[in-house]
Amino acid sequence: MRQAHLTAPRTIEWRESNAPKPGPGELLVRIRAALTCGTDLKTYRRGHPKLAYGPFGHEASGDVIAIGKGVDRFAAGDAIMWVQTAPCGECAKCARGFENLCEHLFDGIALGAYGDELLLPSKVVRQNVYKKPEKLSYIEAAFLEPFSCVVHGWNVLRRADARHPLPRDVTIIGAGTIGLLHLIYAVRAGVDATVIARGAERRELASSLGAKVVVEADDAKAVEALAGSASAVFECAGTQQTWTLAAALARPGARVILFSGLPSGAVAQFDAAKIHYGEIALLGAFHFTPADVREAYELLGRGGMDVKPLVSGVEKMDDIARVFERLDRREGHKFALVPDGEEPRWT
Ligand SMILES: [Zn+2]
Ligand SMILES: [Zn+2]
């Protein structure tokens, strides 16, 4: 089998090896669709503090081709969807219910979605693999991972206000894939959404996905006019300025989800009086728990979630290096990769 490896910044090489035999609890999968992700692009550009160089790509779906001893929920030929990590269930964080912060989250992570085949570790198979509903295409099914992160963010939001788990309205900063997935979730939940997006193409996309109000990120006056207006804010643009903006947009009693990660050591500033007297909740959100993944799976599987417009293009897996060169030049946001010789399609 072949797998694309990231061997150094901006260097992707194909490696060939014998397909592994799945051990106890493991599954061997043939990849049918993979998606590029903002995290992959960050890793491509400068490496990742928690991920070593090697097999690359983590958002995918595919078909089971071999099963390890003790796996009874799946059989060869099953179409499945999964996420790349699973908690250990034993560390102090897991014991307190913070499985998304598990101390061993990145041990045995299923990386290598850009390739022919992938071995899924037993802890992932046990907790975070699902059968793909027939009405979902493999490409749509590969959205399970980013959508699980989004569902987790909304669950953090819901838990922070027992009286009003769902806000009346939400303002989303950033219209990348994650910002727009938050928008899709909000629209489905009946929450009025305002989106701050950069550029006509992303603004139009946000409107077409159901945003009530769309504001150009570079229009300082229009952004300023939103100050103090939001019952909930999702910050999905990933800069210190947008973290600060997120708090400024909040009205008294609002919840602010700081969803995007900043480099360690980054400091964001907030108006202390506004936070204190306005009783504004500043909340971090990271990754997902198995319960979030299940919820994301059920929401996706129910259908009617149009993630197609979030895909900038469908390309051949063999072109993965060129696809990352394009992402690096900011051409496109998220590409789908399908095996060579297969017609790129949605079903
Ligand atoms: Zn991802
Ligand atoms: Zn753990």
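What is the site of the zinc ion (ligand 1) like, judged by the angles among its 4 donor atoms? I note at the start that this is a predicted model.

**Entry 1: the zinc site**

I looked up the angles first. They run from 83 to 164° among the 4 donor atoms, and the site is irregular. I checked this against the rule: four donors count as tetrahedral if all angles lie between 85 and 135 degrees.

Next I listed the donors. The zinc ion (ligand 1) is held by Cys 37 through SG, His 58 through NE2, and Glu 59 and Glu 145 through OE. The distances are 2.1 to 2.5 Å. Along the chain, I wrote the donor spacing as C-x20-H-E-x85-E.

Cys 37 is in the loop between strand S3 (27-35) and helix H1 (38-46). His 58 is in the loop between strand S4 (54-55) and strand S5 (59-67). The pair is 21 residues apart and links distant parts of the chain.

Are Cys 37 and His 58 buried or exposed? Buried means under 20% relative accessible area. Cys 37 has 11%, so it counts as buried. His 58 has 6%, so His 58 is buried too.

**Entry 2: two positive phi angles**

I turned to the backbone. Which residue other than glycine has a positive phi near 60°? I found His 287. His 287 lies in the loop between strand S14 (281-284) and helix H11 (290-301). Its relative accessibility is 10%, so His 287 counts as buried.

Arg 330 is not a glycine either, and its phi is positive at about 65°. I located Arg 330 in the loop between helix H12 (320-328) and strand S16 (335-338). Arg 330 is exposed because its relative accessible area is 70%, and exposed means over 50%.

**Entry 3: the nonpolar cores**

In soluble globular proteins, nonpolar side chains tend to be buried together.

How many residues does the largest nonpolar core have? I noted 56. Those with the most contacts inside this core are Leu 144, Phe 147, Trp 154, Val 170, Leu 183 and Phe 234. Helix H5 (residues 144-159) gives the largest share of the core, 8 residues.

I picked Val 170 and looked up its contacts, leaving out residues up to four places away in sequence. Among them are Trp 154, Ala 186, Val 191, Asp 192 and Phe 234.

Last, I found a second, separate core of 32 residues. This second core includes Trp 82, Ala 86, Ala 110 and Phe 324.

Notes:
Residues are numbered from 1 along each chain as its sequence is written. Chains are lettered from A and ligands numbered from 1 in the order in which they are written. This is a predicted model: local features need pLDDT of at least 70, side-chain atom pairs count only at pLDDT 80 or more; totals for chains, interfaces and linings use all residues. Side-chain values use heavy atoms; hydrogens and water are left out. Donors are N, O and S atoms within 2.8 Å of the metal (3.2 Å for Na, K and Ca); water is not among the atoms, so sites may look incomplete. Four donors count as tetrahedral if all angles lie between 85 and 135 degrees; four count as square planar and six as octahedral if opposite donors are over 155 degrees apart and all others between 65 and 115; anything else is irregular. Helices (H or I, at least four residues) and strands (E, at least two) are DSSP runs, numbered from the N terminus. Buried means under 20% relative accessible area, exposed over 50%, partly exposed in between (1.4 Å probe, protein chains only). A nonpolar core is a set of buried Ala, Val, Leu, Ile, Met, Phe, Trp, Tyr and Cys residues joined through side-chain atoms within 4.5 Å. Contact means heavy atoms within 4.5 Å.
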